[in-house]
Amino acid sequence: MADVLFVIMRWLHLSSMATLVGGILYGRFVMTPAVGALAPDAGKALASRIATSYRRFVLAAVCGLIVSGVYNILTNPGHRPIYHMLLGVKLMLVLHVFAMAFLVTQPENPRRARLMTGMVVSGLIILAISAYLRRIF
């Protein structure tokens, strides 16, 4: 039973991260230029509608990451100090991505593209740190 729970939590963590970072990558590099090509009023209306629609996915992904992340931390104790240092950096970046995700999905946010760029950079750094932590684990 423990193996099944481990697989479920691993899947939840990976799929939640893919939903959050993948959605923002798509939004920043595909939707933002497409919305910019529309008339200003139509572009703002579409961007607000897209952000509102994506908000429930952000909430589900954040909840999934919190639940599976806490499970992962509690079931894998006893690592070297470098692991904990990098985990601390990763968790600070995760908090940044969570906060920006909720700000990005606010309707009529004029800084949405800039916030999404920061989220993409932080999200990709998180993925790199995670890959390294998995290697030294």
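Helices (H or I, at least four residues) and strands (E, at least two) are taken as DSSP runs and numbered from the N terminus. The model is predicted: local features require pLDDT of at least 70, side-chain atom pairs count only at pLDDT 80 or more, and totals for chains, interfaces and linings use all residues. Residues are numbered from 1 along each chain as its sequence is written, and side-chain values use heavy atoms, with hydrogens and water left out.

The protein contains four helices and zero strands. From the N terminus on, the order of elements is α-α-α-α. The C-alpha trace spans about 55 × 30 × 20 Å along its principal axes. Of the 137 residues, 34% are buried, that is, under 20% relative accessible area with a 1.4 Å probe and protein chains only. The exposed surface comes to about 8600 Å², and carbon and sulfur atoms supply 72% of it. Accessible areas follow the Shrake-Rupley method with a 1.4 Å probe. Contacts (heavy atoms within 4.5 Å) were also sorted by separation. Among those between residues at least 6 apart in sequence, 81% join residues at least 24 apart.

Pockets were located on a 1 Å grid over the protein atoms alone. A pocket is an open set of points where a 1.4 Å probe fits, with protein on both sides within 12 Å along at least five of seven lines; lining residues have an atom within 4 Å of a point. Grid points are joined across faces, edges and corners, and a volume is the space filled by probe spheres set on the points.

The largest pocket holds about 870 Å³ of space. Its lining comprises 32 residues, and the closest to the centre are His 13, Asn 72, Leu 87, Lys 90 and Ser 130. Two or more lining residues come from each of α1 (2-36), α2 (40-75), α3 (81-104) and α4 (112-136). The most come from α3, with nine. By class, 21 are nonpolar, eight polar and three charged. Here Ala, Val, Leu, Ile, Met, Phe, Trp, Tyr, Cys and Pro count as nonpolar, Asp, Glu, Lys and Arg as charged, and the others, Gly among them, as polar.

The second largest pocket has a volume of about 530 Å³. It is lined by 25 residues; Thr 32, Val 35, Ala 47, Arg 112 and Met 116 are the closest to its centre. At least two lining residues are supplied by each of α1, α2 and α4. The helix α1 gives the most, with eight residues. The lining divides into twelve nonpolar, eight polar and five charged residues.

How values were computed:
Buried < 20%, exposed > 50% of the residue type's maximum accessible area, 1.4 Å probe, protein only.
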